[in-house]
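Here are my notes for a first pass through the model. Please keep the structure open while you read them.

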Amino acid sequence: MKIKVTQEKLNKALSNVSRIAVGKVTLPILNNVLIRVNKKKVSLITTNLDMAVIDFLPVSSSEDGVVTVPAKLLAEFVSNLPKGETIEISSKDTKVTIKSGKYSSTINGALADDFPELPEINEKEAVIYKIGVDEFKNSIGQVIVATSNDLTRPALTGVFFNTYNQTLAIAATDGYRLAEKKLIDKVESEVKAIVPASSLQEVLRAISDDIEEVEISFNEDLVRFRLGEIEIISKLIDASYPDYKKLIPKDHKIKVTLDREELTRVTKLAALFARSVGGSIVCETKEPDTFLVKSIANEFGENDSMIETKVEKAGKVNLNSRFLLDALNVMEEPQITFEFSDHIAPILLKNKKDNKYTHIIMPLNS
Amino acid sequence: MYDVWKNALAEIEQKISPANFSTWFQDTSLISTKNGNVRIGVKNTFFVKQLRNRYLDIIKTALENNNVVINTIDFEVQTSSKVKPRSREITKTDIDLKSHVKNYAKTLKTESSRQTGLNKKYTLDSFVVGSNNDLAVSVAKSIIDSPGSRYNPFFLYGGPGLGKTHLVQAIGNELLRRNPNFKIFYTPIAHFYSDFIDAIQNGKGREFSRKFEKLDCLIIDDFQFIVGKEKSQEEFFNIFNDLYQLNKQIIVTSDRLPSQIKTVDERLATRLTWAGAFDLQLPKFEDKCAILKAKAELMGAEIEDEAIEYLAENVNTNIRDLEGELSSLLVMSEVRGLTPLELIENGSIYVNKTSKLRPTSPKQVVEKVAKFYNLPVKEMCGKSRVAHIKNARQVAMFLLSKELSLSTNKIASEVGVKDHTTVMHGIKKIEKDLKLNFTLRDEIESIKEKIYG
């Protein structure tokens, strides 16, 4: 096996694939990256058996062959080589030699035979969506905050891709809050799949400036994200997702429009005092024009902040300040709506104009 | 079907490397073999292709050797949450088990007597003796034979859930059984001082102390909660002195030594440990197995040895947690109609209780020890034969070995001694000293607190 490639290209590819090649003590070969050259096509592959990252590397010249090398070591070595140089990687049996100008090193690799075979998307049966990269990145970011890391409820550790009313929506919930984003309108095919949050995070990290579009292909138990030269395949979480749409309240008694930045600021202020009571703050409306955010900490003191806005009905609700901040942080528009009805019904947050994003937070017992 | 797959796995295990076996076969199961259509459950889709392309032949041979007829082999993704409990005929043993568990629940309902405060369910017979508690138990037995003599007061300490309450109540119950006229009173310290305050408020302070003066044996539980209750402490001190003068047995439990409880009067602290302080330690693996077996037997439940070993290995906090996990496992097994081992193997039960102590680095341990003894690290880890420096070095060796389970060679390099034999000698010496030397024990406890705190 032999490839010639510039430092920049190789460095980028290796940093994409090497992130997941860590920590499996049971099967050491999973710490390695598989380098395969087949008819001038070069691919770098890593997997942790929940997902795999494949980078198709454009190279100036190559000879066929296959080998595996410790991914972290190779990535760090290459990243420290001078930029702009051409790097030549060649292998003889399991010895891998990397040469670049004055630098040269030999790394002990391992035979590719033990490297696991990866599942492949069945293109014929796959449900495929394409979406602009910015839209994708934003939307995933908006819902992934609400995923749970409670491994006893595997369904909630992922983001739920589902179609209803000809819309592809993504949703996540940890039982205390829920975020939903309508991703694509007027879709024909149907899908219901839970993608692990960890895999999506890896997809987000792999996005770089030169990528314009993300292609998502679903099989029954597998998903593939294609971003330019990178492919990320991941298992789907095999569990049934709760019928989350029932949780979104239909009508609320109290609705106010608030400036997002201002609400963020007063929530942060209130959160300072709310630390000792688990971040619990009180939001209160008073006619005709007062929205209050309060918090009380017995030992430190208390905090009251006021925002002026049109209020039609008085009311009060307790909620977790961290959840509110998380939500405000991922919303886009300067003006948002804040709706609630009483202590038990969830709080609903939306952008004022755009109706695609919904975030709900369960109130705390007062 | 379950056994067939187990046998097949045993065969496969011998043919491939352990790393490959544990990665690819650990979470597999045999779903069905109907009409020669073998269906194998796997963890996720990444396993399907690997098993099919690399291991199909091995699986096939292994199954055929177990007399399975094979037409096709299919792999299905099957996560543990999806595993449905297999229905099982309720056989006679199941019914027995059910009623046993119920009966046991009944006996668990506390039968504490108003007069003595003792709960009859705690007996010496049900206290499992192991290397972690044999000393305390033998002292308990000698108290039962001759109360108020050699081991008076009996001060018992140890972490939560290690059996302090059980042991002292068992002493009380046994004393009462042998001498029905014995006046015994068991009370947690919290009740002691709330009763005391009530008595004072009702102007019956005198009566309160008289009640204690007539006792033959006083058992005080959870003494550490005395913190900050100075008046009660004084009252207790007086009662203690009175009873002690009359050679009446006093038994006190606490989660730490009296000298480590901050606001305890020094006079009281020394008196409490006059006859020595005895500790209950965390049980070792074998002890835990014995405890679980005894407990299961008491409940009349059947549980496989493998299941017991699984629990013993995975619960590392204390005996209370151990028993808690055992009973939840048994209840689950009753509800689901599976044996405990089947529950564990199909992943319905996941136990992992480890102590919350932060892991720490050898360097930190060495530094903390040196700081505690006011020595520079360099001096402590040097060649000095001066007694107190040598002692500090040995304490460091001891802690490195017990807390971090380092090898003696590694320890030798950490504390700068010549070789592992010196380390072995040092650890042995501290272990020996610990049995007799209470100051040393205190010192080590407070170093531990510093390391983990």
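1. How many residues lie between β19(A) and β20(A) in their hairpin? There are 3 residues between these two strands. This is a predicted model, in which local features need pLDDT of at least 70, side-chain atom pairs count only at pLDDT 80 or more, and totals for chains, interfaces and linings use all residues. Residues are numbered from 1 along each chain as its sequence is written, while chains are lettered from A and ligands numbered from 1 in the order in which they are written.

2. Stay with β19(A). Helices (H or I, at least four residues) and strands (E, at least two) are DSSP runs, numbered from the N terminus. Two strands pair if DSSP finds at least two bridges between them. Strand β19 of chain A covers residues 280–286 and has 6 bridges to β22 (residues 315–320) of chain A. The two run antiparallel. Look for A:Ile281, whose bridge partner in β22(A) is A:Leu319. β19(A) also has 5 bridges to β20 (residues 290–297) of chain A, again antiparallel. Here A:Thr285 has A:Phe291 in β20(A) as its bridge partner.

3. Next, an open sheet in chain A. It has 5 strands, in the order β5-β1-β7-β8-β9, with antiparallel pairing. The edge strands, β5 (61–63) and β9 (103–108) of chain A, each pair on one side only. On average, neighbouring strands are turned by 20° against each other, direction ignored. Within the sheet, 5 bridges link β1 (residues 2–6) and β7 (residues 86–92) of chain A, which are antiparallel. One pair to find is A:Val5 with A:Ile87 in β7(A). Helix α1 (residues 7–18) of chain A packs on this sheet and touches β1, β7 and β8 (95–100) of chain A. The direction of α1(A) makes about 105° with that of β1(A).

4. Which residues of helix α2 (residues 71–79) of chain A are buried? They are A:Ala71, A:Leu74, A:Ala75 and A:Val78. A residue is buried if 20 or more other C-beta atoms lie within 10 Å of its own, exposed if 12 or fewer, and partly exposed in between, with C-beta atoms placed from the backbone.

5. Strand β25 (residues 357–361) of chain A is mostly covered, with 5 of its 5 residues buried. In a regular strand the side chains alternate between the two faces of the sheet. In β25(A), A:Tyr357, A:His359 and A:Ile361 are on one side, A:Thr358 and A:Ile360 are on the other, and all are buried. β13 (residues 177–184) of chain A joins β25(A) by 5 antiparallel bridges. A:Ala179 stands opposite A:His359 there. β24 (residues 347–351) of chain A pairs with β25(A) over 4 bridges, also antiparallel. A hairpin through 5 residues joins β24(A) to β25(A).

6. Now chain B. It has 20 helices and 8 strands. Of its 453 residues, 33% are buried. Take α7 (residues 189–201) and α9 (residues 230–245) of chain B, whose axes come within 10 Å and cross at roughly 100°. So α7(B) is roughly perpendicular to α9(B). Angles under 35 degrees count as roughly parallel, over 145 as roughly antiparallel, 65 to 115 as roughly perpendicular and the rest as oblique. Axes are lines fitted to C-alpha atoms, for helices over the stretch in contact, and angles run from 0 to 180 degrees between N-to-C directions. B:Phe192, B:Tyr193 and B:Phe196 in α7(B) meet B:Ser232, B:Glu235 and B:Phe236 in α9(B).

7. Is B:His388 buried or exposed? B:His388 is exposed, because 12 other C-beta atoms lie within 10 Å. It lies in helix α17 (residues 387–404) of chain B.

8. Last, the contact between the chains. Two residues are in contact if their C-beta atoms, placed from the backbone, lie within 7 Å. Chain A gives 15 residues and chain B gives 16 residues.
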